[in-house]
Amino acid sequence: MLDSEEFSKTLHAIMTGFPDRAKNLIATSANLDDDERAILQKAMADAPSDAGVLEAIGDALRVSNSDKTLVNEAYRAAFYNSEQWQSLVDDPFFAFFSANKAGHVLDKWIHYFPIYTRHLTPYAQRPVSVLEIGVYRGGSMRMWSRFFGPDARLVGVDIDPVALISAGERYSVVLADQSDPDAMAKVAQEHGPFDVIIDDGGHSMDQQITSIETLFPALNEGGIYLVEDCHTSYWDSYDGGRGREGTFMEWVKTRLDDLNGYHQEDAVEPVWTKQVDGIHVYDSVVVLDKKMRFAPFAEQNGGADFVFNSRLHSSIASELVATRQAALDERDQAVNGYGELDALRDELRVTRGELRTAIPRLAAVEAELDDTRGQLIDSWDHVREMRKTLSWRVTAPLRRVRRAR
Ligand SMILES: C[S@@+](CC[C@H](N)C(=O)[O-])C[C@H]1O[C@@H](n2cnc3c(N)ncnc32)[C@H](O)[C@@H]1O
């Protein structure tokens, strides 16, 4: 394959409008075998524009399994040689990256910037809590500091103590291994909860999976978990491969099924169905939105009944709904009323019992009274008889004198 100097000269010749010079370099390079030369010459011949040639060279190198750096440089040249760069003109992350030439090392895939802008803008310049796994020399932490603003709290995690050097006033760095669940749980306990978690750490399968499984519960409601460089799921050097069991992207595919758990029998997961509101899958980046979901249900609107429905029926239905509570309250009152009635009935029963014992006593008193009355009448008759006697009349003057005294 072309050495790096030949390669740069070839790309530069195409970008500056000298394709013949590039063709000549490819035709004469001693570093190309016949197959490699043929692949590059075909790419140059078929493409409709300079940028197209550069992209075709990148494609040819990629499919022939050439050095990834060469593929990267060919695609990079194609991007800046076409109009595509204009899509990033207004992107705040691209602006920071492009202008901040002397900042701490920042090595980014350019298409991540609009993804950041899309998902992180709701948290910008707010008092949010942000965790980044993978600090390296602090380049991204400085970018986050600027983007999230002075009220944000930023924490970085790295396994390499060199990362500590980059920590400053705006963020702290914790030394921890992201593949150790206990270490991640400790980070969550001591620094969480978080609104944003970004995994740009070691990018191996167990690191990405352990971190998200341990830290996702430490996200606030409405927070996001963003994983970068998920292309390692397809790289041999990371035990990756399309559809290969155990990769992070296979883990993500299971989460897509969990997200739809309500539509399968017995598949509702407490975290991955009930707390994940959306999963966004991009080239090399996955974003999970955390939000407590309600169980999904459908409603129908826009039917003909909107026009033809009888107003009488719908008003009766509304009335029924409106008065239902009142009816329930009335029923409750009636039920309470029954209670009072029962108490009254008991009282009556007691009174009736008392009356039953009082009546015979009353009859006895009445009989006693009759008896007394009879005795009085007899006595009165006796008095009257006595007054008729001669001796009573003879002694009358004597009783008068006694009363006058
Ligand atoms: C790609 S660099 C991070 C770049 C940084 N985010 C930036 O954009 O400037 C990856 C970092 O992850 C760290 N790392 C690797 N394995 C790790 C692990 N198991 N736990 C925590 N950090 C790890 C490395 O030490 C390195 O600093």
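Analyst: The account below begins with the ligand and then turns to the sheet and the loops.

This is a predicted model, in which local features need pLDDT of at least 70 and side-chain atom pairs count only at pLDDT 80 or more, while totals for chains, interfaces and linings use all residues. Residues are numbered from 1 along each chain as its sequence is written, and side-chain values use heavy atoms, with hydrogens and water left out.

There are 20 residues around the ligand, and Gly134, Asp158, Asp177, Gln178 and Asp200 come nearest; a residue is counted here if one of its heavy atoms lies within 4 Å of the ligand. By class, this shell holds 6 nonpolar, 8 polar and 6 charged residues. In this grouping Ala, Val, Leu, Ile, Met, Phe, Trp, Tyr, Cys and Pro are nonpolar, Asp, Glu, Lys and Arg are charged, and the others, Gly among them, are polar.

Several polar contacts (pairs of N or O atoms within 3.5 Å) can be described. A polar backbone atom of Gly134 lies 2.7 Å from a nitrogen atom of the ligand. For Tyr136, a backbone N or O atom is 3.2 Å from a ligand oxygen atom. Ser140 uses its side chain: an N or O atom there is 3.0 Å from a nitrogen atom of the ligand. The ligand taken alone exposes 600 Å², of which the protein buries 84%; these areas come from the Shrake-Rupley method with a 1.4 Å probe.

An open sheet is formed by 7 strands in the order 3-2-1-4-5-7-6, with mixed pairing. Strands are DSSP runs of E with at least two residues, helices are runs of H or I with at least four, and both are numbered from the N terminus; two strands pair if DSSP finds at least two bridges between them. Strand 3 (171-175) and strand 6 (276-282) are the edge strands, each pairing on one side only. Strand 1 (residues 129-133) and strand 2 (residues 153-158) pair in the parallel sense over 5 bridges, and Ile133 stands opposite Val157 in strand 2.

Two loops deserve attention. Most residues other than glycine have a negative phi, and most peptide bonds are trans. The peptide bond from Gly192 to Pro193, however, is cis, with omega near -5°. Pro193 lies in the loop between helix 10 (181-191) and strand 4 (194-199). Asp239, which is not a glycine, has a positive phi of about 60°.

Conventions: Polar contact = N/O pair within 3.5 Å; in protein donor to acceptor, adjacent residues only side chain to side chain.
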